[in-house]
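Please look through the structure shown here and keep it in view while reading. The text below goes through its parts step by step.

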Number of protein chains: 2
Amino acid sequence: MEYINKYIKENKERFIDELINLLKIPSISADPAYKQDVMNCADAVAGSLKSAGANNVEICPTAGYPIVYADMIIDKSLPTVLVYGHYDVQPADPLELWESGPFDPIIKKTETHPDGAIFARGACDDKGQFYMHVKAFELMIETNTLPCNLKFMIEGEEEVGSEHLSDFVVSNKEKLSCDAILISDTGIISNNTPSITTGLKGLSYLEVEVTGPNRDLHSGLYGGAVANPINILCEMIAKLKDENNKITIPGFYDNVAELSIEERAKMAKAPFSLDEYKKALELTDVHGEEGFTTMERTGIRPTLDVNGIWGGYIGEGAKTVIPSKAFAKISMRLVPHQSDNEITQLFTDYFKSIAPKSVKVEVRPHHGGEPYVSPTDIIAYKAASQAMKTTYGKEPVPVRSGGEYSNSSII
Amino acid sequence: MEYINKYIKENKERFIDELINLLKIPSISADPAYKQDVMNCADAVAGSLKSAGANNVEICPTAGYPIVYADMIIDKSLPTVLVYGHYDVQPADPLELWESGPFDPIIKKTETHPDGAIFARGACDDKGQFYMHVKAFELMIETNTLPCNLKFMIEGEEEVGSEHLSDFVVSNKEKLSCDAILISDTGIISNNTPSITTGLKGLSYLEVEVTGPNRDLHSGLYGGAVANPINILCEMIAKLKDENNKITIPGFYDNVAELSIEERAKMAKAPFSLDEYKKALELTDVHGEEGFTTMERTGIRPTLDVNGIWGGYIGEGAKTVIPSKAFAKISMRLVPHQSDNEITQLFTDYFKSIAPKSVKVEVRPHHGGEPYVSPTDIIAYKAASQAMKTTYGKEPVPVRSGGEYSNSSII
């Protein structure tokens, strides 16, 4: 560990400056207005891999944003690890909730980060993480300690469903061949309880549109006589869950892997304080599927959330309108062995079936992803576990998660 | 009628130019960005009353937008008619649904208006209407045919609930004293079926805010474990009506004046084609309270509509967020003898009572208004009816309505 600590100490300022420059690029893949920034970010990532010492760096075009690929093959008989990451970030709104600019990174000491943390959009989703691997790679090259072959695949469309990643992977099987994939796009329970994510939920994400009358109407004249698409949309969304917060879509739970009582008991041993959870989020109470704990709800149960809703007059003051249309973005987090395509179809069929005759409904799938669970008795997991133990002084616990963390990264 | 037609013919071009200039002013009272325009509009209205010949014109300040008052007292022994109107207009969004600019008035011939109509925001809500009365007044002054005393009260806050009108009226009882009030801020059934509005619904308008976690969360990590304020808001809105579209707020219908079978039978004689109604709005079906016809739903029954809803990510693409807050604007149209204050309170109590423990709920009343029904056996109604008959060739039918018309004004 000594040479590692020495290298970090000697290069810390440069590391921080480089990461901050990366975080300044507003690489928001969801918003076409930032197209050039996303492209610039791909260039910056390629540059960082080149300077770290990769002997082959490529910016691979796709039908969407490019994938940055790099490798360092030192001996074909050694195992190969592929590091996955993404250089795009989530949109930064609502901007008024940011204490500093999302693309003006600042280092701030907080109660939970007494040594200071970087606050910026993408700081730990996912620029901070893949940058950490790039710097670890640099260190191993500089100190001649690289123990295996290494490949990097850093994409630019993770936040919009990785639409073109699958084509790229299928077309580049040999180039991407490896023995293990290392993904740092999740979180750990805490610095006191290190953890490795072994399972990730899948995703089905859709946008729905409900149309009532063909134009906006005055609620005084038409109210009560025509379908108000907002009221109807709300009623349809309410019908997606029953009084126990179980999702009502027929067939939705058919392929859900049910855990044994033993497995659930083992999971329940992970440290978790409901009081602290509620306090941190200022919740008067938690809310979820009857019969499952909070950890089970996030870890092993599929979920459904409305991620956005809009319709009618949303400006200041009052307007007595019955809008022509109302919209919502709805996503479902899936667990093994649900299939995102199948769930998307089940949702679509059910949502259309519960629409009253008085409205028209459109359902547009945005993107999806299959759920995955990794075994823990493989050498790659054991190596990762050993590395975490060396760093944190404690064996990490394997956890299943729903998605990636965000907000800040400890430095 | 001859001298009237002559005067109109000789002055038509000027009338249209003047009205178009008035319509060009974006006097949107709901949006503070247009404050100066609303003030300018008050000046323009006062100017038009002055040039029409009023012997006293005042721009009366209020705590909000001013009320334009004018009068012409020719003989205190004659009856006095007060004309009410409003010079403010509704916000013009969604702008993409306008074929021409909302404040760039154009004259267009359409299927329903073969002689041409002005299309502009406020053209018939309510600038077109009160302008018509100003010009009728001008004619009667010019031709020395004014048969009564006349007062004008044109306000600038109708579209935001006339908050300061009531104070003004209470403080100026003598100034505003009159024998009849003439309000042209409604519509007629059609040119073939002239009608006079004798009843207007009241209004209770509220904004609700549902708060879940104290900040926006990632749905992958927290989905299914914390209350999503959008889902909860939808569920709460869905609970405001039952499966027969009856409003579920306890006590809501307690004071509703129920009409006799005879009164309902008389109302049902008003010409109305459900097929044409559905066709005009491109509705697959109408939608409303079980047990009542479409005309009854809009005319004699209280209603509840969501006029706006928003929360979470509403930009392009996908974002897997659980927002901290979700909002809706909700209004109820009231009938005799419901009281807007009472209904606002009943709504607030009920809405809070159906909130799950996992969220916080705020309800903010926007503005209200009491319902009203005018008798038809009074001299003012008879005079109005006679005037309509002279113009349209047919006796007008008395109707009850929920609010004012909008979109276009026939010239």
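**Helices, sheet and domains**

In this predicted model, helix H7 (residues 229-238) of chain B lies across E11 of chain A together with strand E9 (202-211), E11 and strand E13 (325-334) of chain B. The helix runs at about 15 degrees to E13(B).

Which strands make up the sheet, and in what order? The sheet is open and has eight strands, in the order E14(A)-E9(A)-E13(A)-E11(A)-E11(B)-E13(B)-E9(B)-E14(B), with antiparallel pairing. Strand E14 (360-369) of chain A and strand E14 (360-369) of chain B stand at the edges; each has a single partner strand, so one side of each is left without a neighbour in the sheet. On average, neighbouring strands are turned by 20 degrees against each other, direction ignored.

At the chain A end, strand E9 (residues 202-211) of chain A pairs with E14(A) in the antiparallel sense over nine bridges. The bridge partner of A:Leu203 in E14(A) is A:Gly369. Helix H7 (residues 229-238) of chain A also packs on the sheet, where it touches E9, strand E11 (303-312) and strand E13 (325-334) of chain A together with strand E11 (303-312) of chain B.

How are the two chains related? A rotation of 180 degrees, with 0.0 Å of shift along its axis, superposes chain A on chain B with an RMSD of 0.1 Å. That is the relation of a two-fold axis. The same surface serves both copies, as 100% of the contact residues of chain A recur in chain B.

Chain A itself is divided into domain 1 (2-200 + 372-410) and domain 2 (202-256 + 302-369). Their centres, taken over C-alpha atoms, are separated by 35 Å. Five residues of domain 1 of chain A are in contact with six residues of domain 2 of chain A.

Notes:
Residues numbered from 1 in each chain as written. Chains lettered and ligands numbered in written order. Predicted model: local features only at pLDDT ≥ 70, side-chain atom pairs only at ≥ 80, totals over all residues. Least-squares fit on C-alpha atoms with pLDDT ≥ 70 in both. Contact = placed C-beta atoms within 7 Å. Domains from an automatic or database assignment. Pairing = 2+ DSSP bridges. Helix = DSSP H or I, 4+ residues; strand = E, 2+ residues; numbered from the N terminus. Axes fitted to C-alpha atoms, helices over the stretch in contact; angles between N-to-C directions.
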